[in-house]
Amino acid sequence: MTLDLFESTLMGTRERLGQQAYVLRGFALPYMPELLQALAPIQKQAPFRHMHTPGGYTMSVALTNCGRLGWTSDHTGYRYTCRDPLSGLDWPAMPATFLALAQDAAQAAEFTQYAPDACLINRYLPGSKLSMHQDRNEKNDYEPIVSVSLGIPAIFLFGGHQRNDKATRVPLFHGDIVVWGGVDRMRYHGVLPIKDADHLQLGRQRTNLTFRTAGLPNSSNTKM
Ligand code: SIN
Ligand code: FE2
């Protein structure tokens, strides 16, 4: 099976997941060379790490961040910080090509003037998963989440406003983007355990970029 086939057959289509939620097939592919180039120095400066949840678990997904704010978790809870707790330094800046892609994708999903200040970068190895959750640590609960899939495929679960609502299973491939905001912003979502596969460019892993507007709209946040 060549993963390139998946990329090209669906490219350019927009699938509706909700009133204000869409899958944009292959939307990130034209940005790919710059995107992957920009990713390399970020992971060098702020390496992927497995965070602990407040409940005492270690996440199977490894993560890092770029942008003004970065999402972190430890035994005291989930939050956004300006600095990487591992190094004490600011998170790496959000590359211009990341921001351009996130804004273009938001626009394609009918969200204008999108100004994300946080980009969480998740790395899934085969077997990694993300349990159903809401993204609720952001100050802004209208602006969309823009979620970019890179590498081996995943089954994304897009649920409702209650944890146990029936979820739609959405296969996601390299270059696909999911955007959900507005009335759909607080819907539960997750990722099923990743099946082993080998991607031509990224190898045996999936990387996901999730853009959010995490801080105050007037950016009056103080250093945390
Ligand atoms: C997330 O919910 O933060 C990531 C979703 C994904 O990896 O597709
Ligand atoms: Fe999420």
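In which loop is Arg83 found? Arg83 belongs to the loop between strand 5 (77–81) and helix 3; helices (H or I, at least four residues) and strands (E, at least two) are DSSP runs, numbered from the N terminus. The model is predicted: local features need pLDDT of at least 70, side-chain atom pairs count only at pLDDT 80 or more, and totals for chains, interfaces and linings use all residues. Residues are numbered from 1 along each chain as its sequence is written, chains are lettered from A and ligands numbered from 1 in the order in which they are written, and side-chain values use heavy atoms, with hydrogens and water left out.

View 1. Arg83 is partly exposed, at 35% relative accessibility; buried means under 20% relative accessible area, exposed over 50%, and partly exposed in between (1.4 Å probe, protein chains only).

**View 2. The site of the iron ion (ligand 2).** The protein donors are His133 (NE2), Asp135 (OD) and His189 (NE2), at 2.1 to 2.2 Å from the ion. Donors are N, O and S atoms within 2.8 Å of the metal (3.2 Å for Na, K and Ca); water is not among the atoms, so sites may look incomplete. Along the chain, the donors follow the spacing H-x1-D-x53-H. The angles among the four donor atoms run from 89 to 174°, and the site is irregular. Four donors count as tetrahedral if all angles lie between 85 and 135 degrees; four count as square planar and six as octahedral if opposite donors are over 155 degrees apart and all others between 65 and 115; anything else is irregular. His133 is partly exposed, with a relative accessible area of 22%, whereas Asp135 is buried at 4%.

**View 3. The largest pocket and its lining.** This pocket holds about 750 Å³ of space. On a 1 Å grid over the protein atoms alone, a cavity is a set of points where a 1.4 Å probe fits but cannot get out, and a pocket is an open set with protein on both sides within 12 Å along at least five of seven lines; lining residues have an atom within 4 Å of a point. Grid points are joined across faces, edges and corners, and a volume is the space filled by probe spheres set on the points. Of the 34 lining residues, Met59, Tyr78, Leu130, Ser131 and His133 are the closest to the centre of the pocket. At least two lining residues come from each of strand 6 (118–124), strand 7 (130–133), strand 12 (189–191) and strand 13 (206–212).

**View 4. Cysteines without a disulfide.** The structure holds zero disulfides, a disulfide being a pair of cysteine sulfur atoms within 2.5 Å. The sulfur of Cys66 has its closest cysteine sulfur in Cys119, 4.1 Å away, too far for a bond. For Cys82, the nearest cysteine sulfur is that of Cys66, at 14 Å. Cys66 is buried at 0% relative accessibility, and Cys82 is buried at 7%.

**View 5. The loop between helix 3 (96–108) and strand 6, with Glu110.** Most residues other than glycine have a negative phi. Glu110 has a positive phi, near 70°, and is exposed at 53% relative accessibility. Gln113, in this loop, has a positive phi near 55° and is exposed at 76%.
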